[in-house]
Amino acid sequence: MTARDWLEKAKKEGFAIPALNAGTLEVLKAIVAAAVEARSPVIIETATGETKWMEAENIFCLCRNFADKYKIPIIINLDHAYTYEDTRPGIEAGFDLIHFDGSKLPYEENVAIAKKIVPECHDQGQLVEGEMDRIPGEGSELHAEGSIDASIIEKGKTVPEKAAKFVEETKIDIFASFFGNVHGITAGYTPKLDIELLHKIQQALPNTFLSMHGSSGTPEDQVRAAVSAEVVKVNVNTELRLAYRKSLEQALSERKELAPYKFFPQVVEAVKKEALRWIDLCGSGGKV
Ligand SMILES: [Zn+2]
(Lines give C-alpha, C1' and ligand atoms only; values in the text may rest on other atoms or scores of the structure.)
Protein backbone atom coordinates (compact mmCIF):
# COMPACT_ATOMS: atom_id res chain seq x y z
CA MET A 1 0.00 0.00 0.00
CA THR A 2 1.20 3.49 -0.83
CA ALA A 3 1.12 6.50 1.52
CA ARG A 4 -2.03 7.67 -0.28
CA ASP A 5 -3.66 4.25 0.20
CA TRP A 6 -2.96 4.42 3.93
CA LEU A 7 -4.33 7.95 4.28
CA GLU A 8 -7.44 6.92 2.34
CA LYS A 9 -7.90 3.88 4.54
CA ALA A 10 -7.56 6.09 7.63
CA LYS A 11 -10.15 8.53 6.32
CA LYS A 12 -12.58 5.76 5.41
CA GLU A 13 -12.18 3.85 8.66
CA GLY A 14 -12.06 6.89 10.97
CA PHE A 15 -8.56 6.66 12.38
CA ALA A 16 -5.47 8.85 12.05
CA ILE A 17 -1.86 7.94 11.44
CA PRO A 18 0.45 9.36 14.10
CA ALA A 19 3.20 11.50 12.56
CA LEU A 20 6.06 11.27 15.02
CA ASN A 21 9.33 13.17 14.81
CA ALA A 22 12.55 11.24 15.14
CA GLY A 23 15.72 13.25 15.69
CA THR A 24 17.92 10.36 16.81
CA LEU A 25 18.25 6.64 16.11
CA GLU A 26 16.91 5.85 19.59
CA VAL A 27 13.69 7.81 18.98
CA LEU A 28 13.31 6.07 15.64
CA LYS A 29 13.78 2.66 17.29
CA ALA A 30 11.18 3.58 19.91
CA ILE A 31 8.58 4.58 17.32
CA VAL A 32 9.22 1.40 15.34
CA ALA A 33 8.92 -0.73 18.48
CA ALA A 34 5.59 0.94 19.32
CA ALA A 35 4.27 0.45 15.77
CA VAL A 36 5.31 -3.23 15.79
CA GLU A 37 3.73 -3.88 19.18
CA ALA A 38 0.47 -2.11 18.31
CA ARG A 39 0.38 -3.30 14.67
CA SER A 40 -0.01 0.33 13.59
CA PRO A 41 1.02 2.26 10.50
CA VAL A 42 3.19 5.25 11.42
CA ILE A 43 4.49 8.37 9.78
CA ILE A 44 8.09 8.97 10.82
CA GLU A 45 9.14 12.52 10.15
CA THR A 46 12.00 14.94 10.49
CA ALA A 47 11.77 18.72 10.42
CA THR A 48 14.61 20.79 8.95
CA GLY A 49 16.91 20.70 11.99
CA GLU A 50 16.34 16.98 12.51
CA THR A 51 16.88 16.27 8.81
CA LYS A 52 20.19 18.13 8.86
CA TRP A 53 21.27 16.23 11.96
CA MET A 54 20.25 12.75 10.76
CA GLU A 55 20.71 13.39 7.01
CA ALA A 56 17.86 12.58 4.68
CA GLU A 57 19.44 9.51 3.04
CA ASN A 58 20.04 7.91 6.44
CA ILE A 59 16.48 8.57 7.58
CA PHE A 60 15.17 7.06 4.36
CA CYS A 61 17.31 3.92 4.59
CA LEU A 62 16.69 3.38 8.31
CA CYS A 63 12.92 3.68 7.89
CA ARG A 64 12.84 1.38 4.86
CA ASN A 65 15.08 -1.15 6.64
CA PHE A 66 12.85 -1.19 9.73
CA ALA A 67 9.69 -1.43 7.62
CA ASP A 68 11.10 -4.41 5.68
CA LYS A 69 12.41 -6.19 8.73
CA TYR A 70 9.33 -5.79 10.94
CA LYS A 71 6.67 -5.75 8.19
CA ILE A 72 5.03 -2.51 9.29
CA PRO A 73 4.11 0.43 7.07
CA ILE A 74 6.39 3.41 7.72
CA ILE A 75 5.54 6.52 5.76
CA ILE A 76 8.51 8.88 5.67
CA ASN A 77 7.69 12.58 5.90
CA LEU A 78 9.75 15.74 5.60
CA ASP A 79 8.15 17.96 8.25
CA HIS A 80 7.94 21.79 7.96
CA ALA A 81 10.25 22.68 5.09
CA TYR A 82 9.94 26.47 5.05
CA THR A 83 11.64 27.13 1.71
CA TYR A 84 11.96 25.49 -1.69
CA GLU A 85 15.59 24.66 -0.83
CA ASP A 86 14.58 22.99 2.44
CA THR A 87 12.29 20.61 0.54
CA ARG A 88 15.17 19.33 -1.62
CA PRO A 89 16.78 16.79 0.77
CA GLY A 90 13.46 15.01 1.36
CA ILE A 91 12.41 15.09 -2.29
CA GLU A 92 15.78 13.85 -3.49
CA ALA A 93 16.08 11.12 -0.85
CA GLY A 94 12.69 9.74 -1.90
CA PHE A 95 10.56 10.55 1.18
CA ASP A 96 6.88 9.60 0.79
CA LEU A 97 5.46 12.93 1.98
CA ILE A 98 6.84 16.45 1.71
CA HIS A 99 5.41 19.14 3.97
CA PHE A 100 6.08 22.53 2.44
CA ASP A 101 5.15 25.11 5.06
CA GLY A 102 4.88 28.44 3.29
CA SER A 103 2.69 29.96 5.98
CA LYS A 104 5.37 32.52 6.90
CA LEU A 105 5.52 33.76 3.31
CA PRO A 106 3.17 36.13 1.52
CA TYR A 107 0.23 34.11 0.12
CA GLU A 108 1.28 34.46 -3.56
CA GLU A 109 4.80 33.27 -2.82
CA ASN A 110 3.49 30.33 -0.80
CA VAL A 111 1.24 29.32 -3.71
CA ALA A 112 4.00 29.82 -6.31
CA ILE A 113 6.47 27.55 -4.49
CA ALA A 114 3.79 24.93 -3.76
CA LYS A 115 2.84 24.91 -7.46
CA LYS A 116 6.46 24.24 -8.33
CA ILE A 117 6.90 21.42 -5.81
CA VAL A 118 3.59 19.58 -6.27
CA PRO A 119 4.04 18.36 -9.90
CA GLU A 120 7.62 17.37 -9.20
CA CYS A 121 6.60 15.34 -6.16
CA HIS A 122 3.58 13.80 -7.86
CA ASP A 123 5.81 12.66 -10.74
CA GLN A 124 7.87 10.76 -8.19
CA GLY A 125 4.85 9.37 -6.35
CA GLN A 126 5.33 11.71 -3.38
CA LEU A 127 2.46 13.53 -1.67
CA VAL A 128 2.64 17.18 -0.63
CA GLU A 129 1.27 18.82 2.49
CA GLY A 130 0.65 22.56 2.33
CA GLU A 131 0.09 25.14 5.00
CA MET A 132 -1.24 28.69 4.80
CA ASP A 133 -2.31 29.59 8.32
CA ARG A 134 0.55 30.11 10.67
CA ILE A 135 0.18 27.68 13.55
CA PRO A 136 1.70 29.35 16.63
CA GLY A 137 4.36 27.93 18.95
CA GLU A 138 7.02 27.04 16.41
CA GLY A 139 9.86 24.84 17.58
CA SER A 140 8.20 21.94 19.40
CA GLU A 141 9.59 23.06 22.74
CA LEU A 142 8.29 23.96 26.17
CA HIS A 143 7.18 27.59 25.94
CA ALA A 144 7.08 30.02 28.86
CA GLU A 145 3.80 30.98 30.46
CA GLY A 146 2.10 33.86 28.67
CA SER A 147 3.90 33.28 25.35
CA ILE A 148 0.68 32.33 23.58
CA ASP A 149 -1.84 35.03 22.82
CA ALA A 150 -5.37 33.60 22.66
CA SER A 151 -6.57 36.45 20.42
CA ILE A 152 -3.88 35.63 17.83
CA ILE A 153 -5.05 32.03 17.83
CA GLU A 154 -8.63 33.12 17.31
CA LYS A 155 -7.72 35.48 14.43
CA GLY A 156 -5.35 33.05 12.75
CA LYS A 157 -7.63 30.02 12.42
CA THR A 158 -8.24 28.51 8.98
CA VAL A 159 -11.01 30.13 6.94
CA PRO A 160 -12.58 27.19 5.03
CA GLU A 161 -13.25 29.17 1.82
CA LYS A 162 -9.65 30.43 1.71
CA ALA A 163 -8.39 26.91 2.32
CA ALA A 164 -10.48 25.62 -0.60
CA LYS A 165 -8.97 28.28 -2.87
CA PHE A 166 -5.45 27.40 -1.69
CA VAL A 167 -5.98 23.70 -2.39
CA GLU A 168 -7.55 24.43 -5.76
CA GLU A 169 -4.59 26.60 -6.78
CA THR A 170 -1.79 24.41 -5.46
CA LYS A 171 -3.22 20.86 -5.84
CA ILE A 172 -1.69 19.83 -2.51
CA ASP A 173 -2.76 16.47 -1.08
CA ILE A 174 -2.75 17.24 2.65
CA PHE A 175 -3.83 20.49 4.27
CA ALA A 176 -2.34 21.55 7.61
CA SER A 177 -5.47 22.87 9.27
CA PHE A 178 -5.41 25.34 12.13
CA PHE A 179 -8.39 25.19 14.43
CA GLY A 180 -6.89 26.01 17.84
CA ASN A 181 -3.98 23.56 17.74
CA VAL A 182 -0.61 25.02 18.74
CA HIS A 183 2.96 23.75 18.45
CA GLY A 184 4.85 22.85 21.59
CA ILE A 185 3.57 22.91 25.15
CA THR A 186 2.97 26.28 26.77
CA ALA A 187 2.96 26.56 30.56
CA GLY A 188 -0.44 27.51 31.90
CA TYR A 189 -2.17 27.11 28.55
CA THR A 190 -4.44 24.27 27.45
CA PRO A 191 -5.28 24.19 23.75
CA LYS A 192 -8.97 24.24 22.90
CA LEU A 193 -9.73 22.71 19.53
CA ASP A 194 -12.56 24.16 17.49
CA ILE A 195 -14.11 20.91 16.25
CA GLU A 196 -17.02 22.74 14.65
CA LEU A 197 -14.55 24.66 12.48
CA LEU A 198 -12.72 21.43 11.68
CA HIS A 199 -15.98 19.99 10.32
CA LYS A 200 -16.40 23.08 8.13
CA ILE A 201 -12.82 22.78 6.82
CA GLN A 202 -13.46 19.13 6.04
CA GLN A 203 -16.65 20.00 4.16
CA ALA A 204 -14.82 22.70 2.17
CA LEU A 205 -12.01 20.23 1.30
CA PRO A 206 -13.78 16.92 0.72
CA ASN A 207 -10.95 15.48 -1.39
CA THR A 208 -8.00 16.66 0.70
CA PHE A 209 -6.47 14.91 3.69
CA LEU A 210 -6.38 17.01 6.87
CA SER A 211 -3.49 17.10 9.32
CA MET A 212 -3.35 18.41 12.86
CA HIS A 213 -0.02 19.89 13.97
CA GLY A 214 0.96 20.65 17.53
CA SER A 215 -0.95 17.79 19.10
CA SER A 216 1.34 17.68 22.16
CA GLY A 217 -0.34 19.00 25.27
CA THR A 218 -3.84 18.70 23.80
CA PRO A 219 -6.36 17.03 26.12
CA GLU A 220 -6.93 13.44 25.03
CA ASP A 221 -10.69 13.77 24.48
CA GLN A 222 -10.04 16.66 22.08
CA VAL A 223 -7.48 14.65 20.09
CA ARG A 224 -10.02 11.84 19.76
CA ALA A 225 -12.68 14.34 18.67
CA ALA A 226 -10.36 15.70 15.95
CA VAL A 227 -9.65 12.17 14.72
CA SER A 228 -13.41 11.52 14.61
CA ALA A 229 -13.76 14.68 12.53
CA GLU A 230 -11.50 13.15 9.86
CA VAL A 231 -8.06 14.41 10.73
CA VAL A 232 -5.85 11.63 9.31
CA LYS A 233 -2.37 12.83 10.26
CA VAL A 234 -1.66 13.78 13.87
CA ASN A 235 1.73 15.46 14.36
CA VAL A 236 3.52 14.97 17.66
CA ASN A 237 7.01 16.07 18.52
CA THR A 238 7.26 17.86 21.89
CA GLU A 239 5.90 15.01 24.04
CA LEU A 240 8.32 12.54 22.47
CA ARG A 241 11.19 14.96 23.07
CA LEU A 242 10.09 15.37 26.68
CA ALA A 243 9.97 11.60 27.22
CA TYR A 244 13.41 11.28 25.59
CA ARG A 245 15.08 13.97 27.62
CA LYS A 246 13.58 13.05 30.98
CA SER A 247 14.39 9.35 30.60
CA LEU A 248 17.91 10.07 29.33
CA GLU A 249 18.64 12.31 32.32
CA GLN A 250 17.34 9.60 34.62
CA ALA A 251 19.28 6.84 32.86
CA LEU A 252 22.52 8.80 33.04
CA SER A 253 22.06 9.57 36.73
CA GLU A 254 21.22 5.97 37.60
CA ARG A 255 23.76 4.07 35.54
CA LYS A 256 27.49 4.36 35.46
CA GLU A 257 28.29 2.31 32.34
CA LEU A 258 29.93 3.99 29.37
CA ALA A 259 28.34 1.80 26.69
CA PRO A 260 25.38 3.68 25.20
CA TYR A 261 23.57 0.44 24.37
CA LYS A 262 23.38 -0.22 28.11
CA PHE A 263 21.65 3.00 29.13
CA PHE A 264 19.66 3.75 25.96
CA PRO A 265 17.16 0.85 26.26
CA GLN A 266 15.29 2.60 29.08
CA VAL A 267 15.16 5.77 26.96
CA VAL A 268 13.76 3.79 24.02
CA GLU A 269 11.22 2.22 26.39
CA ALA A 270 10.04 5.64 27.64
CA VAL A 271 9.66 7.11 24.15
CA LYS A 272 7.95 3.91 22.97
CA LYS A 273 5.40 4.26 25.78
CA GLU A 274 4.60 7.80 24.63
CA ALA A 275 4.37 6.69 20.98
CA LEU A 276 1.96 3.92 22.03
CA ARG A 277 -0.23 6.51 23.75
CA TRP A 278 -0.47 8.45 20.49
CA ILE A 279 -1.22 5.31 18.49
CA ASP A 280 -4.06 4.68 20.92
CA LEU A 281 -5.37 8.25 20.62
CA CYS A 282 -5.24 7.98 16.82
CA GLY A 283 -7.03 4.64 16.82
CA SER A 284 -4.41 3.24 14.43
CA GLY A 285 -3.50 0.13 16.44
CA GLY A 286 -4.41 -3.20 14.87
CA LYS A 287 -4.74 -1.70 11.39
CA VAL A 288 -1.77 -3.63 10.01
ZN1 LIG B 1 4.04 21.08 12.86
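Strand 9 (residues 209–212) and strand 10 (residues 231–236) run parallel and are joined by three bridges. Strands here are DSSP runs of E with at least two residues, helices are runs of H or I with at least four, and both are numbered from the N terminus. The model is predicted: local features need pLDDT of at least 70, side-chain atom pairs count only at pLDDT 80 or more, and totals for chains, interfaces and linings use all residues. Residue numbers start from 1 along each chain as its sequence is written.

**Barrel**
- M212 has V234 in strand 10 as its bridge partner.
- Eight strands close into a barrel with parallel pairing, in the order 1-2-3-4-5-7-9-10; two strands pair if DSSP finds at least two bridges between them.
- Strands of a sheet pair through backbone hydrogen bonds, either parallel or antiparallel.

**Overall build**
- The protein has twelve helices and ten strands.
- Its radius of gyration is 18 Å, close to the 19 Å from the globule rule for 288 residues, so the protein is as compact as a globular protein of that length. The radius is taken over C-alpha atoms, and the rule is 2.2 Å times the number of residues to the power 0.38.
- The C-alpha trace spans about 55 × 45 × 35 Å along its principal axes.
- Of the 288 residues, 50% count as buried, that is, with 20 or more other C-beta atoms within 10 Å of their own, the C-beta atoms being placed from the backbone.

**Core**
- The largest nonpolar core has 83 residues, and L20 and I31 have the most contacts inside it. Such a core is a set of buried Ala, Val, Leu, Ile, Met, Phe, Trp, Tyr and Cys residues joined through C-beta atoms within 7 Å.
- Helix 12 (residues 260–282) gives the most to this core, with ten residues.
- Beyond its neighbours within four places in sequence, I31 is in contact with L20, A22, V42, I44 and A275; contact means C-beta atoms, placed from the backbone, within 7 Å.

**Helix 2**
- Helix 2 (residues 25–38) has 14 residues and should span 20 Å at 1.5 Å a residue, which agrees with its end C-alpha atoms being 20 Å apart. The expected span is 1.5 Å times one less than the number of residues.
- Its buried residues include E26, I31 and A38.
- Among the elements covering the buried residues of helix 2 are strand 1 (17–21), strand 2 (42–47) and helix 12.
- R39 follows helix 2 and has a positive phi, near 50 degrees.

Methods
A residue is buried if 20 or more other C-beta atoms lie within 10 Å of its own, exposed if 12 or fewer, and partly exposed in between; C-beta atoms are placed from the backbone. Two residues are in contact if their C-beta atoms, placed from the backbone, lie within 7 Å.
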